[in-house]
Amino acid sequence: KAAAGASLSGCVDEKEGHYILVDNRNLNPVADLEADGFPTEGFAKHVGHNVTVRGTTSSGSGRPVFKVRSIETLSETCAPTPQSDKKQL
């Protein structure tokens, strides 16, 4: 049974020559990214950006692998959300 199309949001990062998606709140790895229908170098221009990737996911050993068919940029920057930005009134 093939997995239906899925989407994940987070930040694109590069680790040891592989592209990964990290959580934009605490920068923990979410999934390994694999290009589906375009060259892997296509991820390079999205490194450091907050994106939504669409495609299919498959669980392997360790992190899931996400086969990316399209990438949508949500923001050009990625930074952890500070927990201390609530103003005291």
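**Notebook: disulfide, strands, rings and charges**

Entry 1, the disulfide. I began with the S-S bond of cysteine 11 and cysteine 78: the torsion about it is about -85°, so the disulfide is left-handed. I note here that the model is predicted. The sulfur atoms of cysteine 11 and cysteine 78 are 1.7 Å apart. I then searched the whole structure for disulfides and found one. I placed cysteine 11 in strand E1 and cysteine 78 in the segment after strand E5 (65-75), so the pair ties together parts that are 67 residues apart in sequence. I also looked up how far each cysteine is covered. Cysteine 11 has 3% relative accessibility and counts as buried, whereas cysteine 78, at 25%, counts as partly exposed.

I listed the secondary structure and got five strands and zero helices. Along the sequence, the pattern reads β-β-β-β-β. Of the 89 residues in the chain, 24% are buried. The chain exposes about 6,000 Å², and carbon and sulfur atoms supply 50% of that area. I also looked at contacts between residues at least 6 apart in sequence; 55% of them join residues at least 24 apart.

I followed strand E1 (residues 6-15) to strand E4 (residues 50-58) and found them antiparallel, joined by six bridges. In this pairing, serine 7 stands opposite arginine 54 of E4. E1 also pairs with strand E2 (residues 18-22), again in the antiparallel sense, over five bridges. Here aspartate 13 has isoleucine 20 of E2 as its bridge partner. I checked the turn between E1 and E2: the two strands form a hairpin with two residues between them, and glutamate 16 in the turn has a positive phi of about 50°.

Entry 4, the loop between E3 and E4. Which residues does histidine 46 touch, leaving aside its neighbours within four places in sequence? I found contacts with Val12, Val51, Ile71 and Thr73. Histidine 46 lies in the loop between E3 and E4. With 10% relative accessibility, histidine 46 counts as buried. I looked at glycine 37 as well, which is found in the loop between strand E3 (29-35) and E4. Glycine 37 has 80% relative accessibility and counts as exposed.

In one, the ring centres of tyrosine 19 and phenylalanine 43 are 5.5 Å apart and the planes stand at 40°, so the pair is tilted. Tyrosine 19 lies in strand E2 and phenylalanine 43 in the loop between E3 and E4, so the pair ties together parts that are 24 residues apart in sequence. Both tyrosine 19 and phenylalanine 43 are buried. Phenylalanine 38 and phenylalanine 43 have ring centres 5.4 Å apart and planes at 70°, so that pair is edge-to-face. I noted that phenylalanine 43 has a relative accessible area of 0% and is buried, while phenylalanine 38, at 24%, counts as partly exposed. Ring pairs link Tyr19, Phe38 and Phe43 into a cluster.

Entry 6, salt bridges. My search of the whole structure gave six salt bridges. I wrote down some of them.

- Lysine 15 and aspartate 13 meet through their side chains at 3.0 Å, N to O. Lysine 15 is partly exposed at 45% relative accessible area, and aspartate 13 counts as partly exposed at 24%.
- Arginine 25 and aspartate 23 form a salt bridge at 3.7 Å, N to O. Is aspartate 23 buried or exposed? Aspartate 23 is buried, with a relative accessible area of 18%, because the cut-off for buried is under 20%. Arginine 25, at 53%, counts as exposed.
- Arginine 54 and glutamate 72 form a salt bridge at 3.1 Å, N to O. This pair links distant parts of the chain, with arginine 54 in strand E4 and glutamate 72 in strand E5, 18 residues apart. Arginine 54 counts as partly exposed at 38% relative accessibility, and glutamate 72 counts as partly exposed at 39%.

Definitions and conventions. Residues are numbered from 1 along each chain as its sequence is written. Side-chain values use heavy atoms; hydrogens and water are left out. Two strands pair if DSSP finds at least two bridges between them. Buried means under 20% relative accessible area, exposed over 50%, partly exposed in between (1.4 Å probe, protein chains only). Contact means heavy atoms within 4.5 Å. Accessible areas come from the Shrake-Rupley method with a 1.4 Å probe; for residues, only the protein chains shown count as cover. A disulfide is a pair of cysteine sulfur atoms within 2.5 Å. Rings of Phe, Tyr and Trp (its six-membered ring) pair if their centres lie within 6.5 Å; planes under 30 degrees apart count as stacked, over 60 as edge-to-face and the rest as tilted. A salt bridge is a side-chain nitrogen of Lys or Arg within 4 Å of a carboxyl oxygen of Asp or Glu.
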